[in-house]
Protein chains: 2
Amino acid sequence: MDKNFNYSNLKLGIIGGGQLGRIMSHKAKKMGFHVTILDPTFNCPAAQVSDKHILGGFYDKEKLEQLVQETDVTTFELEHVDTSILKELFDHGHIIHPSPYIIELIQNKYEQKKLLDKKGVPVPAYKDVKKEEDLAAFGFPVIQKAKMGGYDGKGVQMLKSEADVKNALQTESFIEELVDIDKELAVIVARNIEGQIKCYPVVEMLFDERVNICDIVMAPAKISKETADKSREISIEAIKALDGVGIFAVELFLTKKGEILVNEIAPRPHNSGHYTVEACATSQFEQIIRAVTNLPLGSTKLISPAVMINLLGEEGYEGEPFIEGIHDALEIPELSFHFYGKTFTKPYRKMGHVTILDDDIDQALQKAMQAKDILKIKGSKKI
Amino acid sequence: MDKNFNYSNLKLGIIGGGQLGRIMSHKAKKMGFHVTILDPTFNCPAAQVSDKHILGGFYDKEKLEQLVQETDVTTFELEHVDTSILKELFDHGHIIHPSPYIIELIQNKYEQKKLLDKKGVPVPAYKDVKKEEDLAAFGFPVIQKAKMGGYDGKGVQMLKSEADVKNALQTESFIEELVDIDKELAVIVARNIEGQIKCYPVVEMLFDERVNICDIVMAPAKISKETADKSREISIEAIKALDGVGIFAVELFLTKKGEILVNEIAPRPHNSGHYTVEACATSQFEQIIRAVTNLPLGSTKLISPAVMINLLGEEGYEGEPFIEGIHDALEIPELSFHFYGKTFTKPYRKMGHVTILDDDIDQALQKAMQAKDILKIKGSKKI
């Protein structure tokens with residue numbers, strides 16, 4: 001689409017209707033665009049706030065084609081999709097960003113790592129697992145990762161010793177050296193059709209150890225300016241290596257020795273960038289819309305320090321969600337409450353999040369911990 | 001609803017589906033609520049982002065009753081509605097905020113003024129017009145206002161001299177002294193069910209003289225701290241006088257002598273509070289949702305100075321809108337673009353707005369003027 005395209009008519013298609021698609025749709029609607037969601041779940045989070053819902057799965061070629069045919073621009077909230085039909089449509093001139101070729105590359109964590117490595121982007125040592133003996137190539141403990149299909153801690157495990165080899169993932173995989181991690185960082189990078197690149201502040205991710213799901217995000221990260229600059233530089237290099245259009249979340253390891261290594265890249269808005277809705281001049285969700293619709297990227301300026309916490313379904317419950325403590329939590333100043341409209345909770349399911357702004361990041365963290373203590377997402381059924 | 005109500009299930013009804021209802025729905029959906037819109041226009045701005053649309057007018061008692069019966073809480077984006085059925089439902093215990101009795105009072109600008117006056121809130125001198133001679137009671141020039149139905153400069157006119165009396169509004173009206181205005185100010189005040197009150201910063205409104213529609217809003221207003229404090233104090237007094245629950249926009253005159261007078265009150269989110277979406281910890285649109293659903297009010301802290309400009313339909317065009325200059329305008333840093341998804345433009349129709357953040361309010365204003373020069377909402381048909 002050129003600059004004189006009638007933007008008041010723009011039809012955007014989003015593959016995936018979870019919380020990321022929901023907030024993307026919010027922002028696309030803010031700008032006046034028409035939004036169609038492709039998702040297999042009736043009344044999914046994004047469909048509730050969009051113009052049209054195509055009920056279909058992410059491997060349903062017919063429905064994927066329908067989405068692309070009916071809209072001006074197609075983008076993604078998730079990378080686990082059938083790329084074959086999308087590549088065909090892309091080759092025929094349909095606007096799909098990031099390109100399905102990039103999505104396909106990123107789907108395979110091993111190929112992703114190989115590309116970054118080849119382009120000089122620092123990554124942990126890694127090795128393809130072709131036979132069982134390869135698992136022991138770096139000694140133990142070692143990290144084993146499935147090449148395909150992993151997310152939210154799934155498809156990743158530590159082999160502590162030789163004895164764990166019998167429990168290894170029985171799928172195409174690779175091993176990665178166990179990095180001595182000081183902090184896990186993340187940087188959101190946007191790149192638009194014209195090649196303009198904008199980079200968000202470096203944030204720090206804290207994890208729920210029980211399930212390895214990102215739990216708390218601090219923006220900005222408590223790191224030196226030098227580390228922050230270097231992290232942003234590496235993240236931009238990684239995105240240049242991919243040559244994609246959209247929003248990319250670069251997850252980084254800061255090692256105890258002060259090295260910065262790229263862990264992996266998500267080719268879409270990311271949990272580590274939720275804070276941008278309240279804390280940055282342009283959120284990651286608006287930024288992707290700008291990027292894929294040939295508009296200039298917005299300012300990534302941090303307007304206020306912020307801490308984001310995920311609201312995960314409580315252990316021991318499932319069914320219709322019940323938000324415990326909302327009244328008390330909303331007493332906390334500068335707290336913004338997000339709930340995704342999912343009609344079913346289960347343990348550790350991402351049900352919502354809150355973002356707390358404070359000029360003092362430590363104060364923000366303290367308020368966030370308080371909110372985390374108060375807010376519990378329980379369910380109609382004890383399990 | 002009590003504090004242990006299941007908020008994950010909350011059904012909110014909004015009377016009115018324009019841009020105010022649209023952003024209210026955005027914020028209610030952010031918090032996970034189910035939203036139903038009542039509006040007579042198919043595919044109206046708010047219906048595009050809500051769960052359900054009841055197609056009906058604001059004086060359609062059956063549809064108003066349906067909305068209230070189907071939802072847990074009903075609120076308003078506009079005050080021009082039939083209150084008789086709403087009062088009945090309210091009296092039977094349905095939750096409607098602000099109460100239809102307050103809406104009814106505010107609908108009549110003369111009664112509104114009388115109440116404020118009685119409660120000691122400073123207002124311009126005013127007088128009921130019972131017969132034509134009353135129009136001359138304050139001499140000329142004088143302002144004549146229709147008691148009912150006015151908005152956006154409609155229902156208000158200046159009678160410059162005796163000769164204008166023949167052009168006077170032929171409806172129930174009152175006159176108001178012509179105030180020697182230095183600035184027009186506005187303050188958004190929120191009050192929740194528990195009686196908690198929060199007040200936003202004082203803003204300055206600039207008007208498009210041609211049609212008397214608010215054009216530009218500067219937050220904060222360039223006034224002394226003393227004037228700001230006094231403005232907030234008077235605005236809070238005005239809302240206490242009304243005894244309402246929700247969001248109220250208090251429009252004020254700052255006279256050349258330094259007096260502060262209440263012009264009028266809107267019992268709903270207001271154009272002068274659009275800036276709160278980007279610039280405050282809690283937007284007016286989230287605040288009304290919190291207020292009417294028995295949640296604590298959020299912080300009204302100004303995170304950054306901001307200037308908002310309305311995007312009005314260009315003179316000389318109507319029909320399907322075309323946004324001219326969007327690409328160039330979005331190059332302006334810290335600019336947030338809102339377009340309401342209206343499918344038909346006409347001269348001076350509110351089609352969208354932009355908000356610009358800048359630590360320096362004069363810089364923000366300069367960028368806003370630049371955006372105003374670049375962005376034109378034209379239509380498919382020249383008129």
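Me: How many salt bridges does the structure hold over all chains?
Reply: This is a predicted model, and over all chains the structure holds 51 salt bridges. As background, side chains of opposite charge can pair when their charged atoms come close.

Me: Okay, which residue forms a salt bridge with A:Asp229, and how far apart are the closest N and O atoms?
Reply: The partner is A:Lys225, and the closest N and O atoms of the two residues are 2.6 Å apart.

Me: And why are A:Asp229 and A:Lys225 separated by about one helical turn?
Reply: Both residues belong to helix H6 of chain A, which covers residues 225-242, and because they are four residues apart in that helix, about one helical turn separates them.

Me: Switching to the two chains together, how many residues of chain A are in contact with chain B?
Reply: On the side of chain A there are 47 residues in contact, and they meet 47 residues of chain B. The area buried between the two chains is about 4200 Å², with carbon and sulfur atoms giving 55% of that area.

Me: Which residues of chain A lose the most area to chain B?
Reply: Those are A:Lys30, A:His327 and A:Leu330, which together account for 16% of what the side of chain A buries.

Me: How many salt bridges does the rule find across the interface?
Reply: Across the interface of chain A and chain B, two salt bridges are found. B:Lys301 forms a salt bridge with A:Asp359, where the closest N and O atoms are 3.5 Å apart. For polar contacts, the rule finds 29 residue pairs across the interface of chain A and chain B, with both residues at pLDDT 80 or more.

Me: Which elements give two or more residues to the side of chain A that touches chain B?
Reply: In chain A these are helix H1 (19-30), helix H8 (284-292), strand E17 (317-324), helix H9 (326-329) and strand E18 (335-339). The element that gives the most to this side is E18(A), with five residues. Sorted by class, the side of chain A that touches chain B has 18 nonpolar, 16 polar and 13 charged residues.

Me: New topic: what is the order of the five strands in the open sheet of chain A?
Reply: The order is E3-E2-E1-E4-E5 in chain A, and the pairing is parallel. Strand E3 (52-55) and strand E5 (95-96) of chain A stand at the edges with a single partner strand each, so one side of each has no neighbour in the sheet.

Me: How many bridges join E1 to E4 in chain A, and what packs on the sheet?
Reply: Strand E1 (residues 11-15) and strand E4 (residues 73-76) of chain A run parallel and are joined by four bridges, and A:Gly13 has A:Thr74 as its bridge partner in E4(A). Helix H2 of chain A, residues 61-70, packs on the sheet and touches E1, strand E2 (34-39), E3, E4 and E5 of chain A, while its direction makes about 155 degrees with that of E3(A).

Me: What about chain B, what order do its five strands have?
Reply: In chain B the open sheet has the order E3-E2-E1-E4-E5, with parallel pairing. Strand E4 (residues 73-76) of chain B pairs with E5(B) in the parallel sense over two bridges, and B:Ile96 in E5(B) is the bridge partner of B:Thr74. Helix H8 of chain B, residues 284-292, packs on this sheet, touching strand E1 (11-15), E4 and E5 of chain B, and its direction makes about 140 degrees with that of E4(B).

Me: Where does A:Pro98 lie, and is its bond to A:His97 cis or trans?
Reply: The peptide bond joining A:His97 and A:Pro98 is cis, with omega about -10 degrees, and A:Pro98 lies in the loop between E5 and helix H4 (100-107) of chain A. In chain B, the peptide bond from B:His97 to B:Pro98 is cis, with omega near -10 degrees.

Me: Last one, which residues is A:Glu264 in contact with, leaving aside neighbours within four places in sequence?
Reply: A:Glu264, which lies in strand E15 (residues 260-266) of chain A, is in contact with A:Lys109, A:Gln112, A:Lys145, A:Ala249, A:Val250 and A:Glu251 once those neighbours are left aside. With A:Lys109, the side chain of A:Glu264 makes a polar contact of 3.2 Å.

Note on methods. Residues are numbered from 1 along each chain as its sequence is written. Chains are lettered from A and ligands numbered from 1 in the order in which they are written. This is a predicted model: local features need pLDDT of at least 70, side-chain atom pairs count only at pLDDT 80 or more; totals for chains, interfaces and linings use all residues. Side-chain values use heavy atoms; hydrogens and water are left out. Two strands pair if DSSP finds at least two bridges between them. Contact means heavy atoms within 4.5 Å. Axes are lines fitted to C-alpha atoms, for helices over the stretch in contact, and angles run from 0 to 180 degrees between N-to-C directions. Buried area is the accessible area (1.4 Å probe) that two parts lose on being put together, summed over both. A salt bridge is a side-chain nitrogen of Lys or Arg within 4 Å of a carboxyl oxygen of Asp or Glu. A polar contact is a pair of N or O atoms within 3.5 Å; within protein, one must be able to donate a hydrogen and the other to accept it, and residues adjacent in sequence count only if both atoms are side-chain atoms. Ala, Val, Leu, Ile, Met, Phe, Trp, Tyr, Cys and Pro count as nonpolar, Asp, Glu, Lys and Arg as charged, and the others, Gly among them, as polar.
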